[in-house]
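Dear colleague,

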Amino acid sequence: MHKPEARRLSSHGAPGRLWFVRTAYKCRVYPTPEQAAVVTRTFGCVRLVWNKTLTERSRRYHTEGARTSYRETDAALTAWKRGKELAFLSEVSCVPLQQTLRHQHTAFGNFFAGRARYPRLKSRTGRQSAHYTRSAFRMRNGELTLAKTSTPLRFAWSFHNVDLAKLDPTMVVVSREPDGRWYLTFAVDADKPAPAEPTGHAVGVDLGLTDLLVTSDGERIANPRHLARKARNLARYQRRMARCQRGSRNRRQAQTKVARAHRKVRNARQDFLHRTTTALVRSADVIAIEDLSVRNMVRNRHLARAISDASWGEFRRQLEYKCNRAGRTFVVIDRWFPSSKTCSVCGHVLAELALTVRHWTCPGCRTRHDRDLNAAKNILAAGRAVTRDTASGDACGADVRRQGPSLPRSAVKQEPRAVRHSS
Ligand SMILES: [Zn+2]
């Protein structure tokens, strides 16, 4: 069974509406054959518009070195609809098509800023989705009807603390996973919740491979074993699929099994991370972690599997938005800060510490250290220093935040920054 998921989309609402948080509610949806036909057609048009625009953009970028604006892509879409060949694009709602152009524009913005990979073509076998903004759906008394369909969608609402009849989504997303399941996501701008009760506690978190994390309190949270088992299943199905002939019936069946195994790994991982991050945010007012460049480390083939399983990037994302929501202070310590090699008692810095060394004795003060616990204590100390600086109105300022994934490696040592979420 899919676990319903409520997640925050971004740390703030639209500019100037800082008191809102954007929340998403995701649930299963069961379209009728008529609705499924309309939405599947929309998926196809969204994919076509994305791929055609992307191809055109890439060609221009590579031959003329020119960037394409959103306005130009929108004008091209209008021209395609007027032509004979692609006139069928007018048969579906225009909103999801324009939304896909917006997403592509953002994707290129992220690419040019060095935050993301070059956008890729969408495949027929991958996840399909269509974004409907307010003008393209009607929500009345808890019933949702999409543009170009005549009947309300049947969906399984499982958020019992949220009154569906009063729900006022700014956007709904219909999606179909490769395993054939349909989902509906409601994006809602909600009032910012009251801050959580202060605990008077601060915690440093060291992320690792054997254990997902070790806290400065000495708590260890291991990566769950069932994740590894599920991942092994996935690998087995993938090998089986690779042996089937392309386009064959067997291959299609194998593909569905792979998609299902993917879903299980993803859901198990999300569930584990959500429980871990929620418990952490509940336990402390200040949470400090190290900025590990996830992308750089995943490139190392030997560690890749384990790191993807540990999902550091997702862990950090959840921790950050939950800290924001609860009014906690979230501190990210520079990733070249030698947290493992520094003695947390006397400050002695070792010249070198091999990855395989789990325990060491400080030559300065003779303290025997557990590698990860010592690192977590140093991260906490660095986090405390940053929040003190911020409180006394130091250079960093209270609203400095590091956006998106880790910055590219630079020779300049960056100072740790604090993100204080006042409510
Ligand atoms: Zn020492």
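The accessible surface of the protein chain comes to about 23,100 Å², of which carbon and sulfur atoms supply 52%. Please keep in mind that this is a predicted model, and that every value in this message was computed from it. Of the 423 residues in the protein chain, 44% are buried, and the chain has nine helices and 15 strands. Among the contacts with a separation of 6 or more, 70% are between residues 24 or more positions apart.

The zinc site

The zinc ion has as its protein donors the SG atoms of Cys-343, Cys-346, Cys-362 and Cys-365, which lie 2.2 to 2.3 Å from the ion. The angles that these four donor atoms subtend around the zinc ion run from 105 to 112°, and the arrangement is therefore tetrahedral. Along the chain, the donors of the zinc ion follow the spacing C-x2-C-x15-C-x2-C. Cys-346 belongs to the loop between β12 (329-333) and β13 (359-361), while Cys-365 belongs to the loop between β13 and β14 (368-370), so this pair ties together parts that are 19 residues apart in sequence. Cys-346 counts as partly exposed because its relative accessibility is 42%, and Cys-365, with a relative accessible area of 28%, is likewise partly exposed.

Aromatic pairs

How many aromatic pairs does the structure hold? There are 11 aromatic pairs, and one of them joins Phe-108 and Phe-112 in a tilted arrangement, with 6.1 Å from centre to centre and 35° between the planes. Both of these residues lie in helix α3 (residues 94-112), where they are four residues apart, or about one turn of the helix. Phe-108 counts as buried, since its relative accessibility is 5%, whereas Phe-112 is partly exposed, with a relative accessible area of 29%.

Another aromatic pair, formed by Trp-157 and Phe-186, is edge-to-face, with 5.6 Å from centre to centre and 80° between the planes. Because Trp-157 lies in the loop between β5 (143-146) and β6 (171-176) and Phe-186 in strand β7 (residues 182-191), the pair ties together parts that are 29 residues apart in sequence. Trp-157 and Phe-186 are both buried, and they belong, together with Tyr-25, Phe-155 and Phe-159, to one aromatic cluster.

Technical notes
Residues are numbered from 1 along each chain as its sequence is written. This is a predicted model: local features need pLDDT of at least 70, side-chain atom pairs count only at pLDDT 80 or more; totals for chains, interfaces and linings use all residues. Side-chain values use heavy atoms; hydrogens and water are left out. Helices (H or I, at least four residues) and strands (E, at least two) are DSSP runs, numbered from the N terminus. Buried means under 20% relative accessible area, exposed over 50%, partly exposed in between (1.4 Å probe, protein chains only). Contact means heavy atoms within 4.5 Å. Accessible areas come from the Shrake-Rupley method with a 1.4 Å probe; for residues, only the protein chains shown count as cover. Donors are N, O and S atoms within 2.8 Å of the metal (3.2 Å for Na, K and Ca); water is not among the atoms, so sites may look incomplete. Four donors count as tetrahedral if all angles lie between 85 and 135 degrees; four count as square planar and six as octahedral if opposite donors are over 155 degrees apart and all others between 65 and 115; anything else is irregular. Rings of Phe, Tyr and Trp (its six-membered ring) pair if their centres lie within 6.5 Å; planes under 30 degrees apart count as stacked, over 60 as edge-to-face and the rest as tilted.
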